[in-house]
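The stops below are given in the order in which they may be selected.

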Protein chains: 2
Amino acid sequence: MAKKQENFSEWYNDIIEKADLIDKRYPIKGMDVWRPYGLSVMHAIDDLIREGMRRTGHQEVEFPLLIPQSEFNKEADQIKGFGGEVYWVTKGGENDLDIPLVVRPTSETAMYPMFSLWVRSHKDLPLKIFQIVSVFRYETKQTRSFLRVRQIHFFEAHTAHADYEDAERQIHEDLELTAALCERLCLPYALHKRPDWDKFPGAHYTVAADAMLPELKTLQIGTHHHYKDNFAKPYDIKYEAPTGGHVYAHQTTYGISERILGAVVAVHGDDKGLMLPPAVAPHQAVIVPILFKGKEAGVVDGANALAQRLRAAGWRVHVDARDETAGFKFNDWEMRGVPVRIELGPRDLEKQVCVMVRRDNGEKRTVPLAEAERALGESLDQYARGLLQRATDTLTQNVRDVKTAAEAKGATGIARVGWCGAEACGLDIQAVTEKTLLGVPIDVAFPTGAVAALAAHGSPALQGKGYHGVCASCGKATTTPVHVAKTY
Amino acid sequence: MAKKQENFSEWYNDIIEKADLIDKRYPIKGMDVWRPYGLSVMHAIDDLIREGMRRTGHQEVEFPLLIPQSEFNKEADQIKGFGGEVYWVTKGGENDLDIPLVVRPTSETAMYPMFSLWVRSHKDLPLKIFQIVSVFRYETKQTRSFLRVRQIHFFEAHTAHADYEDAERQIHEDLELTAALCERLCLPYALHKRPDWDKFPGAHYTVAADAMLPELKTLQIGTHHHYKDNFAKPYDIKYEAPTGGHVYAHQTTYGISERILGAVVAVHGDDKGLMLPPAVAPHQAVIVPILFKGKEAGVVDGANALAQRLRAAGWRVHVDARDETAGFKFNDWEMRGVPVRIELGPRDLEKQVCVMVRRDNGEKRTVPLAEAERALGESLDQYARGLLQRATDTLTQNVRDVKTAAEAKGATGIARVGWCGAEACGLDIQAVTEKTLLGVPIDVAFPTGAVAALAAHGSPALQGKGYHGVCASCGKATTTPVHVAKTY
């Protein structure tokens with residue numbers, strides 16, 4: 001297998017197949033087969049998202065995959081933004097369809113004709129729904145599993161509100177959910193208000209969460225869009241106000257794709273394989289019975305009894321009783337990123353202890369069996385903190401202040417420069433740096449506790465407040481910094 | 001709302017929208033929007049299926065939606081069977097695709113190129129996987145929600161085995177899973193080995209489960225296919241046998257679609273609305289606090305306390321504290337098919353009792369609050385038995401022995417006639433009766449207990465053994481009966 005530090009790209013392509021997440025050999029490029037292990041991790045991420053949706057009163061729906069061209073064409077920016085990269089169904093059986101159907105690239109144009117029927121009175125608002133489905137892009141660039149694919153596992157929440165401010169509150173709620181999710185994934189990120197030319201097609205504004213990958217390029221892992229009434233007008237989503245009269249609704253969307261799994265793989269993994277955050281690891285611990293010829297008696301039974309106790313305590317625990325060497329099993333589970341390995345041999349059993357080994361740093365602890373539940377909890381907690389700390393260090397240590405676009409071009413990671421806010425200057429900065437202007441970094445006041453661990457949010461380098469500088473293009477004095485980086 | 005007995009079709013179309021299962025107003029006919037309540041029931045059915053899959057060592061995967069025409073065309077019967085009713089993606093953005101892509105109507109032709117890579121040695125067998133996805137048919141007949149749609153919520157298990165017999169054992173395992181699932185859904189059915197002309201395209205044989213709907217037409221709710229090596233040959237799925245040499249694998253599939261939800265709606269519902277089986281009801285009980293002006297004190301609190309206790313006992317319980325009349329709430333939850341309603345008023349609270357009302361027969365029981373957990377369990381159990389018994393009666397009372405095709409034509413429900421087994425005679429019986437030959441009824445020995453409640457399996461009318469008659473077409477003596485019915 002390639003080394004992560006030497007050739008990230010090759011390492012990434014190797015690990016996702018060796019860890020049995022997906023199979024890339026499907027006969028359409030950019031459409032991968034989800035293997036059981038990979039799908040299980042993705043479903044665990046879905047479940048964390050569902051948990052957040054339930055907590056905030058969103059309801060799960062499922063809309064059809066196909067969208068009539070006539071509906072798709074109602075919002076001009078959507079066509080401009082997606083028209084060139086959608087798949088078209090033009091035939092049913094031997095017949096040409098009267099109206100070609102778009103294979104959804106995202107679901108605004110599928111959902112909003114129904115929103116128009118569902119929203120009647122102010123009592124119907126806010127309307128908060130979500131779905132977890134596949135969306136499709138006719139990707140012409142080089143594809144890469146999870147990061148740039150043609151069939152995308154996708155979560156999308158769509159809401160409608162009485163006014164601009166209520167939609168704004170929704171964006172804030174979504175940002176809290178992103179923070180809570182990323183905390184469970186041990187995944188720090190920076191939030192950016194995207195420049196106007198890079199916002200979602202049809203959006204009033206877009207706030208994106210960007211993670212830092214090992215090549216020090218950023219990856220967009222979540223988006224939050226305020227639509228104002230930009231879609232409500234073409235799709236006629238109006239409600240009767242309490243004071244009479246019909247008013248257009250304001251809308252938001254919130255999206256997270258399988259890219260976030262790509263970030264988990266890329267950020268946490270090492271040359272031995274994956275490192276899965278405990279919240280989404282199919283097995284949080286694997287017990288490997290250590291067998292010597294003639295001395296096995298009771299060891300596998302002991303492992304099963306231990307597993308049962310740990311499961312009763314709420315952990316996902318697997319016993320690997322395969323007829324393979326311990327070394328083979330160690331390597332296998334390290335590759336699959338199991339957070340904690342538990343070794344149990346005949347002598348351990350005699351002494352009523354087991355050995356817990358953390359996947360991230362290889363640290364071994366001998367633990368009395370009687371304390372196994374508590375000890376596993378501790379190990380998982382320390383492991384998760386370890387993942388988050390390392391990833392946070394990588395992010396915060398790679399945001400640097402520079403004065404000019406030329407310096408930003410040479411800087412690795414995220415470069416912070418001044419920007420006067422003019423589109424021409426922003427595009428000029430992009431051209432000179434040959435990088436992407438991620439946008440203005442924003443910091444949001446999150447409830448204490450929920451994301452206390454997300455130290456990245458506390459890093460001054462990731463916040464916009466108190467900045468004083470000059471625009472890297474026109475030289476005008478400005479208090480607005482922007483982040484510039486290479487992106488996926 | 002239309003009456004079920006007077007106009008089943010209209011009743012069915014009304015109830016699925018009034019009970020908030022789906023919204024039919026999506027701008028493509030035959031593609032419905034899953035509303036939160038309906039999706040929740042469908043997901044509960046999915047979860048029962050997943051439970052069965054886990055128990056039998058199947059692993060969940062997800063294959064891409066699109067299939068290159070070149071792969072789709074490898075198995076001749078599939079093209080013949082599905083070619084006329086698939087959607088084709090022919091364009092990406094502005095470009096015509098080099099190879100048109102089929103939107104999967106089912107996933108054999110997507111999966112088996114990968115099976116060819118995954119199956120190498122006899123140690124890789126049996127290979128047992130499944131997925132729960134949407135499949136698509138370009139349906140030209142009249143569509144009807146759940147029963148005949150263009151986007152179909154679909155479970156499909158695919159397996160590969162060392163030989164014919166092992167694949168046969170798999171079919172048996174699948175039949176047990178169907179029995180266990182249908183027991184949870186209170187849904188009796190008859191099993192039929194489909195005649196050759198009606199088996200799945202490419203299959204060696206097909207065994208289908210057929211439910212009886214109120215119009216006394218049957219609905220196929222599950223299929224079990226033995227493929228022999230019919231797909232292994234074109235897709236080159238071979239393994240190295242222990243004795244050396246390469247051998248083609250034998251395969252099976254097992255499928256259940258959203259039609260099974262259609263059967264649940266149609267079989268159990270009445271003029272007041274749905275009746276959901278407890279296993280898949282989003283709320284197994286709803287507590288309605290009975291409020292009188294000025295006497296509310298403590299009633300809502302009491303309802304919440306009761307709900308908490310019932311939830312702790314493992315039941316899904318909802319408290320309806322909306323600002324609506326009790327009558328409105330009763331009607332609403334009856335429409336949504338909640339199995340048990342619990343009424344709690346101020347006098348009940350004084351006496352420390354509540355009233356449990358069964359959705360199926362309206363039976364009321366006054367129950368001491370201290371015994372609520374046990375009492376709810378009893379009510380749900382009796383309710384489920386009630387649903388199953390009524391449905392079983394409908395099925396078994398509507399299978400009748402007749403001697404001639406002309407009699408079979410006039411008979412309602414399922415008619416049993418003799419058949420010599422010749423295709424010409426079978427097609428003749430179909431032509432004369434203007435009905436479908438469902439196939440030879442089969443009975444399978446299920447483990448005791450698993451399906452003891454499925455009394456339908458014990459009904460002689462649903463079994464083939466011991467039959468003596470003559471072919472309804474040619475008059476030859478035969479010991480093989482076939483079932484003939486109108487179908488959806």
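The tour begins with a helix pair and then turns to salt bridges.

This is a predicted model, in which local features need pLDDT of at least 70, side-chain atom pairs count only at pLDDT 80 or more, and totals for chains, interfaces and linings use all residues. Residues are numbered from 1 along each chain as its sequence is written, chains are lettered from A and ligands numbered from 1 in the order written, and side-chain values use heavy atoms, without hydrogens or water.

**Helix pair in chain B**

Select H2(B), residues 36-55, and H6(B), residues 164-184; helices are DSSP runs (H or I, at least four residues) numbered from the N terminus. Their axes lie 10 Å apart at an angle of about 150 degrees, where axes are lines fitted to C-alpha atoms over the stretch in contact and angles run from 0 to 180 degrees between N-to-C directions. Next, display the contact residues (heavy atoms within 4.5 Å): among them are Leu48(B) and Ile49(B) in H2(B), and Leu177(B) and Leu181(B) in H6(B).

**Salt bridges**

Select Arg374(A) and Glu378(A), four residues apart in helix H12 of chain A. They form a salt bridge with closest N and O atoms 2.4 Å apart; the term requires a side-chain nitrogen of Lys or Arg within 4 Å of a carboxyl oxygen of Asp or Glu. Arg374(A) counts as partly exposed at 44% relative accessibility (between buried, under 20%, and exposed, over 50%; 1.4 Å probe, protein chains only).

Move to chain B, where Glu378(B) and Arg374(B) meet in a salt bridge of 2.4 Å.

Finally, select the salt-bridge network in chain A that includes Asp20(A), Arg35(A) and Asp320(A).

Notes. Helices (H or I, at least four residues) and strands (E, at least two) are DSSP runs, numbered from the N terminus.
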